[in-house]
Amino acid sequence: MSSPQLRGRDGVVRDFAVAAVPWAIARVLVVASLALSRHLFDEVGRGERPVQLGQGLFAWDAAYYRAIAEHGYGDLPKAALRFFPRVPLMSRAPAFVFLGNEAVALIVIANVSALVFAALLHRLALVETGDAHVARRAAWYAALFPAASALVLGYADATALALTVGMFLALRSRRFVTAGVLGYFAALARPLGVLLVVPALVEAARELRSPGDRTAGAWVRRIAAVAGPPLGLITFLAWVEHTRGDAFLPFSVQKRASLRGDFVDPATRLVDALRDLIHGDRFGSGLHFVWAVMFLALLVVVWRRLAASYTAFTAVTLLVALSAENLDSFERYALGAFPLLFALAIVTRRDVVERAVLTLAAGALVGYSVLAFFGVSVP
């Protein structure tokens with residue numbers, strides 16, 4: 001059922017009101033998962049205490065973001081360069097509010113960004129579908145998707161997602177300069193931010209069909225949208241070249257087997273993941289196959305129901321995520337392809353299906369969080 005869109009201040013208030021409840025629930029679940037994990041280890045744990053239990057909301061990649069926020073890249077190992085600077089730099093300014101505590105600022109930025117992401121997603125879903133129910137479900141899935149545990153930790157993903165959805169809102173409303181600026185900062189937040197050049201190209205090319213919009217100013221605006229993400233990446237790589245003498249270190253360090261590893265053929269990697277699932281040697285790795293199949297099915301929904309720019313962005317994001325020798329964090333990378341949340345919201349129209357999916361998602365969010373805090377699963 002469709003519903004008229006609220007505009008202006010009323011629309012913004014509605015977007016945040018819808019997003020706030022699932023956002024709050026997700027934070028309660030992840031923090032409760034941390035408390036549960038610590039309790040379980042204290043009661044029945046054996047051997048060395050997992051480092052992640054002590055790190056809490058700064059576990060895994062968040063520990064690097066915290067170190068960069070507090071000390072910069074200078075004394076950190078080269079591996080730290082795979083974490084882009086936008087969010088650590090943002091934590092420096094609000095740190096004054098928190099008495100110079102960049103760590104607290106980092107957590108606040110991540111969680112406020114997650115709320116903004118869900119609110120913007122609700123707005124974009126309304127713009128694209130005109131269906132308030134689809135928009136509401138998209139906001140809930142954005143908060144309770146199992147990989148969204150990273151949006152509670154001190155990661156950069158929430159900020160990158162908010163910038164990404166904001167760029168799509170700008171692109172789809174033909175505000176190309178704004179889109180370019182948002183794309184620039186998205187590419188400074190996460191390596192995959194540069195992939196926003198793909199939907200920018202699609203939307204800019206679509207505009208070429210309009211004979212009345214081929215003025216010099218219109219061309220400049222479209223070029224700004226397309227150039228934003230690559231310029232963001234180039235800015236960071238130029239700084240790395242200046243300080244470390246090798247502009248491509250942020251990518252070369254990812255080739256370690258314990259990180260992404262080398263680029264591989266996605267089809268071959270999926271077959272390997274299926275073998276892991278069937279033989280049970282690496283069941284956790286095999287679960288990536290199940291997720292990949294679901295994402296590919298949702299990609300078909302994106303293709304059939306949304307504009308071409310959504311399909312292109314989702315496809316290229318999944319392609320890059322599946323091209324890694326090591327599929328750890330695959331689900332989190334796939335969450336960057338946010339149109340998948342739209343597709344999930346579209347195919348779960350029946351109330352009973354929606355409730356079942358939300359219940360499963362919340363349970364999986366807790367499960368994945370516990371595994372992450374025990375050091376078993378990489379968020």
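Reader: Why is E203 called buried?

Author: In this predicted model, E203 has a relative accessibility of 1%. Buried means under 20%, so E203 counts as buried.

Reader: Where is E203, and what does E203 touch?

Author: E203 lies in helix α9, residues 197-207. Leaving aside residues up to four places away in sequence, E203 touches L171, R172, R174, F176 and S309.

Reader: What makes the pair R172 and E203 a salt bridge?

Author: The closest N and O atoms of R172 and E203 are 3.1 Å apart. The cut-off is a side-chain nitrogen of Lys or Arg within 4 Å of a carboxyl oxygen of Asp or Glu, so the pair counts as a salt bridge. The two residues come from distant parts of the chain: R172 is in helix α7, E203 is in helix α9, and 31 residues separate them.

Reader: Is R172 buried or partly exposed?

Author: R172 is at 22% relative accessibility. Buried requires under 20% and exposed over 50%, so R172 counts as partly exposed.

Reader: Which residues are joined with R172 and E203 into one network?

Author: Through salt bridges that share partners, E128, R174 and R206 are joined with R172 and E203. The whole structure has 14 salt bridges.

Reader: What makes R332 and D61 a salt bridge?

Author: Their side chains meet at 3.2 Å, N to O. The limit is within 4 Å, so this pair qualifies. R332 belongs to helix α15 (residues 330-335) and D61 to helix α3 (residues 61-71), 271 residues apart. Both residues are buried.

Reader: Why are α9 and α10 called roughly antiparallel?

Author: The axes of α9 and helix α10 (residues 216-244) cross at roughly 170 degrees and come within 8 Å. Angles over 145 degrees count as roughly antiparallel, so the two helices are given that label.

Reader: Which residues make the contact, and of what kind are they?

Author: From α9 the contact takes V197, A200, L201, A204 and E207. From α10 it takes R222, A225, V226, P229 and P230. These divide into 8 nonpolar, no polar and 2 charged.

Reader: Why is P94 called partly exposed?

Author: P94 is at 24% relative accessibility. P94 is in the loop between α4 (86-92) and α5 (102-129). Not counting residues up to four places away in sequence, P94 touches A105 and I109. The C-alpha atoms of P94 and V108 are 9.1 Å apart, at a sequence separation of 14 residues.

Reader: Which residues touch the most other members of the largest nonpolar core?

Author: They are F117, L121, Y310, F338 and F342, in a core of 110 residues. Apart from residues up to four places away in sequence, F117 touches A142, L151, A158, L161, A162, V165, F338 and L341. In soluble globular proteins, nonpolar side chains tend to be buried together.

How values were computed:
Residues numbered from 1 in each chain as written. Predicted model: local features only at pLDDT ≥ 70, side-chain atom pairs only at ≥ 80, totals over all residues. Heavy atoms only, no water. Helix = DSSP H or I, 4+ residues; strand = E, 2+ residues; numbered from the N terminus. Buried < 20%, exposed > 50% of the residue type's maximum accessible area, 1.4 Å probe, protein only. Contact = heavy atoms within 4.5 Å. Core = buried A, V, L, I, M, F, W, Y, C linked by side-chain atoms within 4.5 Å. Axes fitted to C-alpha atoms, helices over the stretch in contact; angles between N-to-C directions. Parallel < 35°, antiparallel > 145°, perpendicular 65-115°, else oblique. Nonpolar A, V, L, I, M, F, W, Y, C, P; charged D, E, K, R; others polar.
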